[in-house]
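Hi everyone, thanks for making time.

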Amino acid sequence: MIVGSKIFLLSEVDSTNEYIKQMLKDSPEGTVVVADTQTAGKGRLGKTWYSPEGGLWMSVLLKHHDSCLFPLTAGVSICDTFQSYHISPRIKWPNDVLLNGKKIA
């Protein structure tokens with residue numbers, strides 16, 4: 001699997017996650033949907049996700065059996081990347097990345 005082998009760039013969408021769910025059968029694993037804004041972004045447990053222009057709003061299509069580990073790995077990878085620049089975010093279970101008390105990923 002190559003993440004980003006197919007990328008959809010949208011100016012606005014209700015939810016990148018809902019958009020990618022519609023592509024499950026026809027798109028390869030690793031397909032990415034990116035939007036400038038989301039009008040109905042969704043978080044865990046039905047929480048709304050504020051998604052104004054200027055952020056990075058994206059979803060990645062994962063079909064593999066161990067894809068549940070991807071969000072956890074992504075959170076740790078984001079923190080590792082920031083730490084290489086001497087910036088120290090923290091992880092709020094299961095995969096939220098916080099910096100100065102604000103969610104950044």
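**Starting from V13**

Let's begin with V13, which touches Y19, A35, T37, Q38 and T39, leaving aside residues up to four places away in sequence; contact here means heavy atoms within 4.5 Å. A word on the source: this is a predicted model, where local features need pLDDT of at least 70, side-chain atom pairs count only at pLDDT 80 or more, and totals for chains, interfaces and linings use all residues. Residues are numbered from 1 along each chain as its sequence is written, and side-chain values use heavy atoms, with hydrogens and water left out.

V13 also belongs to the largest nonpolar core, which has 7 residues: L10, V13, I20, M23, V33, A35 and L61. By nonpolar core I mean a set of buried Ala, Val, Leu, Ile, Met, Phe, Trp, Tyr and Cys residues joined through side-chain atoms within 4.5 Å. Buried is under 20% relative accessible area, exposed is over 50%, and partly exposed is in between, with a 1.4 Å probe and protein chains only. β1 and β2 each supply at least two residues of this core. In soluble globular proteins, nonpolar side chains tend to be buried together.

Now the sheet. How many strands does the open sheet have, and in what order? There are 3, in the order β1-β2-β5, with mixed pairing. At the edges are β1 (7–13) and β5 (57–60), each with a single partner strand, so one side of each has no neighbour in the sheet. Helices (H or I, at least four residues) and strands (E, at least two) are DSSP runs, numbered from the N terminus, and two strands pair if DSSP finds at least two bridges between them.

β1 and β2 (residues 32–38) run parallel over 6 bridges. F8 has V33 in β2 as its bridge partner, and E12 has T37.

On the β5 side, β2 pairs in the antiparallel sense over 4 bridges, and A35 stands opposite W57. Why do we call β2 largely enclosed by the rest of the structure? Because 6 of its 7 residues are buried.

And W57 itself, buried or exposed? W57 counts as buried, because its relative accessibility is 13%.
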